[in-house]
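Please read the briefing below alongside the sequence and the coordinates.

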Amino acid sequence: MNIEEFKSRLGAGGARPNQFRVKLAFPSYVTGVDPSYSLLVTGASLPASNVNPAIIQYRGREIKLAGERIFDPWTITVVNDSDFSLRAPFEAWMNGMNDRATNEGITLSPSQYQSDIVVEHLDRNDTVLANGSYTLRNAFPIQMSEIALNYAQNDIFEEFTVTWQYTHCLLYTSPSPRDRTRS
């Protein structure tokens with residue numbers, strides 16, 4: 001392979017990790033969410049998954065077959081603004097599932113506290129890449145990190161992470177330009 005072939009395979013310059021958008025709908029019991037929250041999500045990832053092997057013993061040997069697919073917990077990094085416009089709604093979301101003061105959950109069905117999250121991998125023109133849209137189904141927050149306070153840190157913004165659990169992930173694949181011309 002020569003350098004020109006390598007460059008041509010990158011398409012429009014290759015996929016960039018800093019071009020993404022996260023969209024989620026907060027549960028109805030969480031109010032006051034700023035609709036521009038997506039801009040404050042500064043770190044995310046495309047979701048990971050594993051296929052655990054189903055192991056069968058046969059004459060002293062292990063036969064490994066494809067088993068259940070498991071989706072790893074997923075984490076975002078959020079910049080905290082001075083109004084706590086995302087920290088407060090995440091606190092309310094988690095309190096709805098289990099109140100931190102009383103350690104009791106409000107009686108909610110899963111559909112009332114679970115939501116779909118869409119992670120979109122973008123090109124430099126904010127267009128979703130062909131294989132760049134992932135939907136994390138039935139997601140809910142399971143952990144929110146602390147915000148470290150420190151007198152010596154005067155030139156950074158506060159950040160915190162939120163870790164999610166979800167049932168499965170759907171990959172949206174848009175038709176390639178070649179497929180669109182065939183239809």
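**Surface patch and overall picture**

Ile 56, Tyr 58, Ile 63 and Leu 65 make a nonpolar surface patch of about 370 Å². Strand S3 (49-58) and strand S4 (61-71) are the elements that give two or more residues to the nonpolar patch.

This is a predicted model, in which local features need pLDDT of at least 70 and side-chain atom pairs count only at pLDDT 80 or more, while totals for chains, interfaces and linings use all residues. Residues are numbered from 1 along each chain as its sequence is written, and side-chain values use heavy atoms, with hydrogens and water left out.

**Fold and surface**

- The protein chain has four helices and nine strands, where helices (H or I, at least four residues) and strands (E, at least two) are DSSP runs numbered from the N terminus.
- Along the sequence, the protein chain follows the pattern α-β-β-β-β-β-α-α-β-β-β-β-α.
- The accessible surface of the protein chain comes to about 12,500 Å², of which 52% belongs to carbon and sulfur atoms; accessible areas come from the Shrake-Rupley method with a 1.4 Å probe, and for residues only the protein chains shown count as cover.
- Leu 65, a member of the nonpolar patch, has its place in strand S4 and is partly exposed, with a relative accessible area of 44%.

**Interior**

- Of the 183 residues of the protein chain, 27% count as buried, a term that means under 20% relative accessible area, with exposed over 50% and partly exposed in between (1.4 Å probe, protein chains only).
- The largest nonpolar core has 27 residues, of which Trp 74, Phe 90, Trp 93, Ile 117 and Trp 164 touch the most other members; such a core is a set of buried Ala, Val, Leu, Ile, Met, Phe, Trp, Tyr and Cys residues joined through side-chain atoms within 4.5 Å.
- S1, S5, H2, S6, S7 and S8 are the elements that give two or more residues to this core, and its largest share, five residues, comes from S7.
- In helix H2 (residues 87-97), the buried residues are Arg 87, Pro 89, Phe 90, Glu 91, Trp 93 and Gly 96, and their cover includes strand S1 (20-24), strand S5 (74-79), helix H3 (110-113), strand S6 (115-122), S7 and strand S8 (159-165).

**Ile 142 and its contacts**

- Ile 142 is found in strand S7 (residues 128-144) and is partly exposed, with a relative accessible area of 41%.
- Leaving aside neighbours within four places in sequence, Ile 142 is in contact (heavy atoms within 4.5 Å) with Pro 73, Met 94, Thr 163, Trp 164 and Gln 165.
- The C-alpha atoms of Ile 142 and Thr 163 are separated by 5.7 Å, although these residues are 21 residues apart along the chain.

**Backbone and confidence**

- Most residues other than glycine have a negative phi.
- Arg 59, in the loop between S3 and S4, has a positive phi near 50° and is exposed, with a relative accessible area of 75%.
- Asp 126, in the loop between S6 and S7, has a positive phi of about 60° and is partly exposed, with a relative accessible area of 48%.
- The protein chain averages a pLDDT of 84 (the predictor's confidence in each residue, from 0 to 100), and 87% of the residues score at least 70.
- Over residues 176-183 the pLDDT is below 50, and beyond near neighbours in sequence this stretch has one contact in the model.

Technical notes: Patches are made of residues with over 30% relative accessible area and no salt bridge: like charges are joined within 9 Å, nonpolar side chains (Val, Leu, Ile, Met, Phe, Trp, Tyr) within 5 Å. A salt bridge is a side-chain nitrogen of Lys or Arg within 4 Å of a carboxyl oxygen of Asp or Glu.
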